[in-house]
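Please examine the sequence and the structure before reading on.

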Amino acid sequence: MCENKSSGLTRRSILGAFAATAISAAPFFPGVTAYARGAGDIRKLQFYSGRTGERINLIYWIDGSYIPESLSEINHFFRDWRNNAVHSIDTRTVDFLAAAHNLLGVNEPYMLLSGYRSPQTNAMLRARSRNVAQNSLHLKGQAADVRLQSRSVSQIAQAAEACRAGGVGRYSGSNFVHFDCGATRTWGR
């Protein structure tokens with residue numbers, strides 16, 4: 001888990017991001033009527049992997065509790081697809097992705113380009129590009145690179161920045177947005 005107290009990423013900021021998205025999120029959850037009456041809170045995640053062809057569409061949090069089986073599925077889905085190495089994905093990154101998705105008001109799944117990266121994969125990518133950090137948060141399961149076909153890099157990044165829940169990198173040339181649960185900061189264009 002991230003333990004960077006200077007990041008501004010707190011339980012309160014994540015809950016605030018979800019509170020801000022409750023109205024836009026409600027239409028996409030099953031049992032909308034019960035949810036609208038305040039009977040419970042759920043968090044959902046939808047992803048597609050262009051690398052493996054896999055999809056997930058699951059509820060991972062209900063009424064203040066993470067669902068262990070769902071987190072296991074997320075960990076597997078976010079694995080390093082080059083060598084199938086699996087690592088625990090920080091739930092704050094998962095919450096950050098879900099909150100931004102809710103703000104965007106789309107039912108389309110994110111396309112995951114990169115989740116967890118093994119040290120070998122990160123070293124290989126660093127050898128190919130100066131844009132790959134040596135101590136990338138991908139190595140700790142604390143970052144994800146995503147895109148949506150129906151939204152621009154700018155639109156996704158604006159939703160992510162509105163959550164104030166971590167790092168947001170715009171990679172317009174490669175058509176993706178980087179999310180992480182590190183310090184609240186932005187970069188790219």
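Gln46 is placed in strand 1, where helices (H or I, at least four residues) and strands (E, at least two) are DSSP runs, numbered from the N terminus. The model is a predicted one, in which local features need pLDDT of at least 70, side-chain atom pairs count only at pLDDT 80 or more, and totals for chains, interfaces and linings use all residues. Residues are numbered from 1 along each chain as its sequence is written, and side-chain values use heavy atoms, with hydrogens and water left out.

With a relative accessible area of 12%, Gln46 is buried; the term buried means under 20% relative accessible area, exposed means over 50%, and partly exposed lies in between (1.4 Å probe, protein chains only). Gln46 and Leu58 are 12 residues apart along the chain, and their C-alpha atoms are separated by 6.6 Å. When neighbours within four places in sequence are left aside, Gln46 is in contact with Ile56, Asn57, His101, Asn107, Glu108, Pro109 and Tyr110, contact meaning heavy atoms within 4.5 Å.

## Overall architecture

The protein chain has six helices and eight strands. Read from the N terminus, the order of its elements is α-α-β-β-β-α-α-β-α-β-α-β-β-β. The chain has 189 residues, of which 47% count as buried.

Among contacts between residues at least 6 apart in sequence, 57% join residues at least 24 apart. The protein chain exposes about 9,500 Å², and carbon and sulfur atoms supply 50% of that area; the areas come from the Shrake-Rupley method with a 1.4 Å probe, and for residues only the protein chains shown count as cover.

## Aromatic pairs

Rings of Phe, Tyr and Trp (its six-membered ring) pair if their centres lie within 6.5 Å; planes under 30 degrees apart count as stacked, over 60 as edge-to-face and the rest as tilted. By this rule there are nine aromatic pairs. In one of them, the rings of Phe47 and Phe78 have centres 5.0 Å apart and planes at 70 degrees, so this pair is edge-to-face. Distant parts of the chain are linked by the pair, since Phe47 is in strand 1 (residues 42-49) and Phe78 in the loop between helix 3 (68-77) and helix 4, 31 residues apart. Phe47 is buried at a relative accessible area of 0%, and Phe78 is buried with a value of 0%.

Phe96 and Phe179 also form an edge-to-face pair, with 5.0 Å centre to centre and 70 degrees between the planes. Because Phe96 lies in helix 4 and Phe179 in strand 7 (residues 176-180), the pair ties together parts that are 83 residues apart in sequence. Phe96 counts as buried at 1% relative accessibility, and Phe179 counts as buried at 0%. One aromatic cluster is formed by Phe47, Phe77, Phe78, Phe96, Tyr110 and Phe179.

## Thr93 in helix 4

Thr93 has its place in helix 4 (residues 91-104) and is buried, with a relative accessible area of 0%. Beyond its neighbours within four places in sequence, Thr93 is in contact with Gln142, Ala143, Ala144, Phe179, Asp180 and Cys181.

## Positive phi angles

Most residues other than glycine have a negative phi, and most peptide bonds are trans. Asp63, although not a glycine, has a positive phi of about 45 degrees and is found in the loop between strand 2 (55-62) and strand 3 (65-66). Asn175, also not a glycine, has a positive phi of about 60 degrees. Asn175 lies in the loop between strand 6 (167-171) and strand 7 and counts as partly exposed at 35% relative accessibility.

On a 1 Å grid over the protein atoms alone, a cavity is a set of points where a 1.4 Å probe fits but cannot get out, and a pocket is an open set with protein on both sides within 12 Å along at least five of seven lines; lining residues have an atom within 4 Å of a point. A search of the whole structure finds three cavities of 30 Å³ or more. The second largest cavity holds about 60 Å³ of space, and strand 4 (residues 110-114) gives the most to its lining, with three residues.

The largest pocket holds about 550 Å³ of space, a volume being the space filled by probe spheres set on the points, with grid points joined across faces, edges and corners. Of the 23 residues that line this pocket, Arg117, Asn131, Val132, Asp145 and Phe176 are the closest to its centre. Strand 7 supplies the largest share of the lining of the largest pocket, three residues.
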